[in-house]
Amino acid sequence: IAAQASGMPYGVFLEKFIFEPLGMTKSGSGFAVQAGIATPYEGTGKFTRQAPLSLDLFFGAGSVVSTAVDLARWDQALLDGKLLKPASRHEFWAPGQLADGSPTHYAMGWVPADVDGHREVWHNGFAPGAGGYCFNAVFPDEGLSIVVLSNSADSAFRGRPETIVRQVVEAFFPKP
């Protein structure tokens with residue numbers, strides 16, 4: 001939609017309207033070999049390098065590469081209202097409905113959840129065969145975001161970023 005509406009390629013649109021204005025200098029869209037991009041690995045204990053896979057296959061659903069710092073900039077811009085108006089941001093993070101009206105536990109690219117009474121929206125950034133299992137958790141009511149990145153997509157690692165997020169939440173908001 002962004003490419004059609006703007007008349008420019010998706011990656012160019014992201015660069016011009018998202019990455020540059022937010023200072024996300026280490027982010028991009030699609031497969032590109034450049035310094036500083038983590039190489040994806042498979043396995044536990046003994047790691048093997050994954051064969052490169054073009055992120056263009058995932059297009060808008062997973063073609064972005066970024067760093068923890070740039071993702072924190074993205075999250076902060078969302079929290080500060082620099083990317084979306086409050087009503088749009090609410091809709092962006094609200095659970096959706098299926099065509100028949102039944103609720104779904106998915107928002108617009110995010111999964112609404114609750115961690116110990118704190119509203120959370122998250123995305124794991126997982127694109128099979130294209131890199132690591134990551135986790136970007138935003139706690140809109142507290143103005144907190146937690147970014148966990150890995151360059152392993154091995155099933156043994158899945159669940160660990162969520163555990164790290166829970167530990168950070170517990171450190172910030174200890175139970176009485």
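## Basis and terms

A residue is called buried when its relative accessible area is under 20%, exposed when that area is over 50%, and partly exposed in between (1.4 Å probe, protein chains only). This is a predicted model, in which local features need pLDDT of at least 70 and side-chain atom pairs count only at pLDDT 80 or more, while totals for chains, interfaces and linings use all residues. Residues are numbered from 1 along each chain as its sequence is written, and side-chain values use heavy atoms, with hydrogens and water left out.

Phe92 counts as buried because its relative accessibility is 17%. The residue belongs to helix 4, residues 86-93; helices (H or I, at least four residues) and strands (E, at least two) are DSSP runs numbered from the N terminus. Contact means heavy atoms within 4.5 Å. Setting aside residues up to four places away in sequence, Phe92 touches Leu78, Leu84, Ala107, Met108 and Trp110. Between Phe92 and Val121 the C-alpha to C-alpha distance is 9.9 Å, with 29 residues separating them in sequence.

Asn124 sits in the loop between strand 6 (118-123) and strand 7 (135-139). With a relative accessible area of 19%, Asn124 is buried. Apart from neighbours within four places in sequence, Asn124 is in contact with Tyr133, Cys134 and Phe135.

Side chains of opposite charge can pair when their charged atoms come close. A salt bridge here is a side-chain nitrogen of Lys or Arg within 4 Å of a carboxyl oxygen of Asp or Glu, and by this rule there are 5 salt bridges.

One of them joins Asp70 to Arg73, with 2.9 Å between the closest N and O atoms. Both residues lie in helix 3 (residues 68-79), 3 residues apart, or about one turn of the helix. Asp70 is buried at 1% relative accessibility, whereas Arg73 is partly exposed at 35%.

## Salt bridges between separate segments

Arg119 and Asp141 also form a salt bridge, the closest N and O atoms being 2.9 Å apart. Arg119 is in strand 6 and Asp141 in the loop between strand 7 and strand 8 (144-148), so the pair ties together parts that are 22 residues apart in sequence. Arg119 is partly exposed at 34% relative accessibility; Asp141, at 54%, is exposed.

Salt bridges with shared partners link Asp116, Arg166, Glu170 and Lys175 into one network. Within it, the side chains of Asp116 and Lys175 meet at 3.8 Å, N to O. Because Asp116 lies in the loop between strand 5 (111-115) and strand 6, and Lys175 in the segment after helix 5 (160-172), this pair ties together parts that are 59 residues apart in sequence. Asp116 is partly exposed, at 34%, and Lys175 is exposed, at 60%.
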